[in-house]
Amino acid sequence: CTPTVQVAVPDKPIEINLNVKIEHEIKVKVDKELDGMFEEDSGLF
Amino acid sequence: AEPLLAFNGLHRMGDKQRNGSLEWRWKLAPFSPDSSLEKRFGRWPLDFNALGGEINGGGEISWQLGETLQWQAKGQQALLNIGGVYNDIGLVDLSVENTWSFASNAALRADGQVSLSSLDVGLPVENIALSFGFKGDAGLTVEGFKAELLDGSVHSPSLQLSQREGLWESELALVNIRAIKLESLLKAADYAGLDATANLSGELPVAIRANKLHIEEGKLAATQPGYIRYAGLADSGNPLMEMVSEALSNYQYEHLTADVEYDDSGYLQMAVALKGHNPDFQKGRQVNLNLNISDNVPNLMKSLQAGRIITDVISEKLDQ
Amino acid sequence: IDLAGAKSKGLIGERSDGYLGYVVKPASADVQALVKSVNNKRRDKFRQTVGKTGATLDQVAKRFAQRAYEKTAKGNYIQSANGQWVKK
């Protein structure tokens, strides 16, 4: 007989536990505030 | 031009000057961006500026001079289609209509309805409505609160609020969440690398404590299947993380439940349990995913509000 | 002496913490006065930004340093990660 290869879908589910901390990128607003410092007349850069 | 404040009153004196009554009506000229609340009063102390809409009101007071002076007063006010900005939050078509009564032997009472067609806190909250009853130190009742946001809606039963040491607090009220869409939030806010769908409904026990919102043992569940595609964990170099990253590249779930907590720390804590699989991961093997998510809501609001200049948004809406 | 001049002469450079630093030491009195004045103004602006955005002072200063590096003219000094002054 011809060997048959049975690929049984592994029955036991995988458990994944993840801790997700979301702080929110506030770079956009920080950049808006810092823009002025890079302007010619700011005398800060 | 129309007077800024039109006020007229009529006083009738009874015989022997022992009693009398006064009736009055007042009306503020309609607001506009050029004649806003702030522009009319120069240094305007409040953080609220009205850019559109009208305010008017009136009332009557009758008095009797016995051994002591007795008086009874009642009246009504109406804010109609007010458009304005409060700090970085925009309001369009705010209408408040209320009646009030007050007497020498009775506490101030006020009852009314509030409706607001759009509140922009960085994402639109629309068609807000509630009615309120204020009974002096017996506190404030808010009834029938409803609002639409994130393509779903929020409904609250009666909420009893009272003031302790100047701060508002309330018992728990079971707020009902109907079909809010996670994808709407992801579109509005920046959740780098995350694409997901969830149609969430459930009940959130809410209480106000020292002016701050609390959610205790809230329960939400997805009412239909959805997916999570997250690319934030790729090439972390850690084999376990690689496996998780692969699983989450196209995770399709049939079952999602979430326990929700929120307190004055500002962190929304959600324990989310999902059952599903990724067809391209280990031949579609079942994956139970448990996410402990904590999301800083004040920062979420700030980053949402960072993306627009609210006064332009409001003036634009008022022009339509 | 002005800021651009002091930078192009290689007397001062942009540090990784968002402030100006002395490349040539000891620095002359007017260069010191310039650096102190600019750094104080930068600190105020960083604090203001913290108030408006909720980011931390460290995040704001580092972000400024990042952008300062990108905008630094060729030949001017920037501080490398290990603290060395390097010409861009």
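In which strand of chain B is the place of Glu217(B)? I looked this up in what is a predicted model, where local features need pLDDT of at least 70, side-chain atom pairs count only at pLDDT 80 or more, and totals for chains, interfaces and linings use all residues. Residues are numbered from 1 along each chain as its sequence is written, chains are lettered from A and ligands numbered from 1 in the order in which they are written, and side-chain values use heavy atoms, with hydrogens and water left out.

**Entry on Glu217(B).** I found Glu217(B) in strand E15, residues 212-222 of chain B, strands being DSSP runs of E with at least two residues and helices runs of H or I with at least four, numbered from the N terminus. Its relative accessible area is 59%, so I noted Glu217(B) as exposed (exposed is over 50%, buried under 20%, partly exposed in between, with a 1.4 Å probe and protein chains only).

**Entry on Asn105(B).** I placed Asn105(B) in the loop between strand E5 (89-103) and strand E6 (106-120) of chain B, and it counts as exposed because its relative accessibility is 61%. From Asn105(B) to Gln72(B) I read 8.2 Å, C-alpha to C-alpha, across 33 residues of sequence.

**Entry on chain B.** I listed 5 helices and 19 strands for chain B, and noted that 42% of its 320 residues count as buried. Along the principal axes, the C-alpha atoms of chain B fill a box of roughly 95 × 45 × 30 Å.
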